[in-house]
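Open the model in your viewer and keep the selection panel to hand. Each stop below says what to select and what is there.

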Amino acid sequence: FNLQLWNNYFHLAVAFITQDSLQLENFSHAKYNKIQNKYGDMRRLIGFAIRDMWYKLGQNKICFIPGMVGPILEMTLIPEVELRKATIPIFFDMMLCEYQWTGEFKKFENEIILKLDHEVEGGRGDEHYMQLFESILTECAKQHSGIFSLVKNFVSLVKKLLQRLLDYRAVMNDENKDNRMSCTVNLL
């Protein structure tokens, strides 16, 4: 098993699908349609490949926790529904993997909280992502009773944090300083 090779693969694939020139939702409707008709959404194809390769890692997945949490988060925050649905379950697999090795998933939890703050501040994330994140991880956890309550608590924590981060981002352009201060206090 060549850790560096796999690490390079995942980072390169995530860098590819997160590049600005592939963020189709930022284009005009005409340009979006032209690209979709000619090439399709390459982000989805690469995202599915990343997902498939992740599950082929077997016991070596633990080598990528917490290092790949940030890049996977960046990929799941792309506003493309099918990509999100296909890749958010990787988070549960990461939690399960770390839980099976250590009896907890603190490294994963700490990393996703740290990276989520950075990504939302950078303009990524939305209400739909928060709902999908909650529903997919809860559904995945239902099949693993030993970890279900831990995952449920984690999802609740991330949902609250994401809501506060989204609120904070929304009021940063608000002229009302009281709203900004209140939002900042809530976030803290």
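**Before you start**

This is a predicted model, in which local features need pLDDT of at least 70, side-chain atom pairs count only at pLDDT 80 or more, and totals for chains, interfaces and linings use all residues. Residues are numbered from 1 along each chain as its sequence is written, and side-chain values use heavy atoms, with hydrogens and water left out.

Helices here are DSSP runs (H or I, at least four residues), numbered from the N terminus.

**Stop 1: helix H6**

Select residues 89–102. This is H6, with 14 residues. From first C-alpha to last it reaches 20 Å, close to the 20 Å expected at 1.5 Å a residue. The expected span is 1.5 Å times one less than the number of residues.

How many of the residues of H6 are buried? The count is 10 of 14, so H6 is mostly covered. Buried means under 20% relative accessible area, exposed over 50%, and partly exposed in between (1.4 Å probe, protein chains only). Colour the buried set: Pro89, Ile90, Phe91, Phe92, Asp93, Met94, Met95, Leu96, Cys97 and Glu98.

Now show the surroundings. The buried residues of H6 pack against H3 (42–55), H4 (69–76), H5 (81–87), H7, H8 (127–142) and H9. Contact means heavy atoms within 4.5 Å.

Step just past the end of H6. Gly103 has a positive phi of about 85°.

**Stop 2**

Select Asp93, in H6. Is Asp93 buried or exposed? Asp93 counts as buried, at 14% relative accessibility. Not counting residues up to four places away in sequence, Asp93 touches Trp54, Tyr55 and Lys61.

Next, pick Tyr99, also found in H6. Tyr99 is partly exposed, with a relative accessible area of 26%. Set aside neighbours within four places in sequence, and Tyr99 is in contact with Glu104, Phe105, Gly146, Ile147 and Leu150. Draw a C-alpha to C-alpha distance from Tyr99 to Met130: 23 Å in space, for 31 residues in sequence.

**Stop 3**

Two packed helices are described by the angle between their axes and the distance between the axes. Axes are lines fitted to C-alpha atoms, for helices over the stretch in contact, and angles run from 0 to 180 degrees between N-to-C directions.

Show H6 with H7. Their axes come within 8 Å and cross at roughly 145°. On the H6 side, select Phe91, Met94, Met95 and Glu98; on the H7 side, Lys106, Lys107, Phe108 and Ile112. By class, this contact has 5 nonpolar, no polar and 3 charged residues. Ala, Val, Leu, Ile, Met, Phe, Trp, Tyr, Cys and Pro count as nonpolar, Asp, Glu, Lys and Arg as charged, and the others, Gly among them, as polar.

**Stop 4: H6 against H9**

The axes of H6 and H9 come within 11 Å and cross at roughly 125°. The two helices are therefore oblique to each other. Angles under 35 degrees count as roughly parallel, over 145 as roughly antiparallel, 65 to 115 as roughly perpendicular and the rest as oblique.

Select Phe92, Met95, Leu96 and Tyr99 of H6, then Gly146, Ile147, Leu150, Val151 and Phe154 of H9. This contact divides into 8 nonpolar, 1 polar and no charged residues.

**Stop 5**

Select H9 alone. Its 27 residues should span 39 Å at 1.5 Å a residue, and its end C-alpha atoms are 39 Å apart, which agrees. Buried residues of H9 include Ile147, Val151, Phe154, Val155 and Val158.

Bring back H7 (residues 106–121) beside H9 (residues 145–171). They pack at an angle of about 15°, with axes 10 Å apart. That makes H7 roughly parallel to H9. H7 contributes Phe108, Glu109, Ile112, Ile113, Leu116, Asp117 and Val120; H9 contributes Phe154, Leu157, Val158, Leu161, Leu162, Leu165, Leu166 and Arg169. The classes are 12 nonpolar, no polar and 3 charged.

Stay on H7 and pick His118. His118 is exposed, with a relative accessible area of 54%. His118 and Leu165 are 47 residues apart in sequence and 9.8 Å apart in space, C-alpha to C-alpha.

**Last stop: a cis bond**

Go to the loop between H3 and H4, where Pro66 is found. A cis peptide bond joins Ile65 and Pro66, with omega about 10°.
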